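Please find below a colleague's note on the structure under discussion.

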Amino acid sequence: MFKAELIEGAARFRSADEDPTRNLSACPALVLNADYTPLSYYPLSLWPWQTAIKAVFLDRVDIVASYDREVHSPSLDMQIPSVIALRQYVKQSEFPAFTRFNVFLRDRFQCQYCGSGDHLTFDHVIPRRLGGKTTWENIITACSSCNMKKGGRTPKQAHMPIKMKPIRPTSWQLQQYGKMFPPHYLHETWRDWLYWDIELEA
């Protein structure tokens, strides 16, 4: 489990003191499932303020916390929600979509040959010319240098061992990996809902 200070360093929590002057576009709502866990960690489940307010009026969500920023209409003054919870639980799919981003996330945004995080692309472990398929179990993250070095060979033929065997991850596994990469913008009212399971220090 990573330490709280690493999260604090990676994620800049914005103070609520800034709320009254905050631009409306900088007032997204963190969306929690009905069990008060985020719908997703990475990308973080956020709704624009307009969508959040509409969901409140349609009785689809409960407001958990709000910005100090308000919106006004002839008949209403309302604080903008900063954290909302769905009233109906949304069951998560057991397996995530097979996408570029999710492959990178599974592999922790690192080349699976050298560990670099720069110029990332994809590599077929078993090359397509040898019958390799484009599947979770045969695609890994690779930097462009290692990809070119390996060429149309297998890792064994190229003497390039893989750091982690590629697998089809579950949605739960990707959520855990996503917690390692917090967004750069976090409002202080989100803190309790995102990192409640961090190991506490004595």
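Predicted model: local features only at pLDDT ≥ 70, side-chain atom pairs only at ≥ 80, totals over all residues.

1. The model contains an open sheet of four strands, arranged in the order 3-2-5-4 with mixed pairing. Its edges are formed by strand 3 (46–47) and strand 4 (61–73), each of which pairs on one side only.

2. The pairing of strands 4 and 5. Strand 5 comprises residues 76–86, and its pairing with strand 4 is antiparallel, with nine bridges.

3. Helix 2 (residues 49–57) lies across strand 2 (29–32), strand 3, strand 4 and strand 5.

4. The model has three salt bridges under the rule applied. One of them joins the side chains of D62 and R87, with an N to O distance of 2.8 Å. D62 belongs to strand 4, whereas R87 sits in the loop between strand 5 and helix 3 (100–106), so the pair ties together parts that are 25 residues apart in sequence. How accessible is D62, which counts as partly exposed or buried according to its relative accessibility? The value for D62 is 30%, and D62 therefore counts as partly exposed. R87 is also classed as partly exposed, at 46% relative accessibility.

5. The buried salt bridges. R106 and D107 form a salt bridge through their side chains, at 2.8 Å from N to O. Both R106 and D107 are buried. A further salt bridge is that of K150 with D123, where the closest N and O atoms are 3.1 Å apart. This pair links distant parts of the chain, for K150 is in helix 4 (residues 144–150) and D123 is in strand 6 (residues 120–124), 27 residues apart. K150 and D123 are both buried as well. In general terms, side chains of opposite charge can pair when their charged atoms come close.

6. Cysteines. How many disulfides does the structure hold? The number is zero. C111 is buried, with 0% relative accessibility, whereas C114 is partly exposed at 42%.

7. The buried face of helix 6. Helix 6 spans residues 171–178, and its buried residues include S171, L174, Q175, Y177 and G178. These residues cover an arc of only 160° around the axis, and therefore lie on the same side of helix 6. The partner in packing is helix 3, against which the buried residues of helix 6 pack.

8. F109. This residue is located in the loop between helix 3 and strand 6. Its relative accessible area is 22%, so F109 is classed as partly exposed; the boundary for buried is under 20%. The C-alpha atoms of F109 and T141 are separated by 7.3 Å, although these residues are 32 residues apart along the chain.

9. N138. The loop between strand 6 and strand 7 (139–143) contains N138. With a relative accessible area of 7%, N138 is buried. Which residues is N138 in contact with, leaving aside its neighbours within four places in sequence? They are D123, H124, V125, I126, G132 and K133. Among these contacts, D123 is also the salt-bridge partner of K150.

Note on methods. Residues numbered from 1 in each chain as written. Heavy atoms only, no water. Pairing = 2+ DSSP bridges. Helix = DSSP H or I, 4+ residues; strand = E, 2+ residues; numbered from the N terminus. Contact = heavy atoms within 4.5 Å. Axes fitted to C-alpha atoms, helices over the stretch in contact; angles between N-to-C directions. Salt bridge = Lys/Arg side-chain N within 4 Å of Asp/Glu carboxyl O. Buried < 20%, exposed > 50% of the residue type's maximum accessible area, 1.4 Å probe, protein only. Disulfide = S-S within 2.5 Å. Arc of directions from axis to C-beta.
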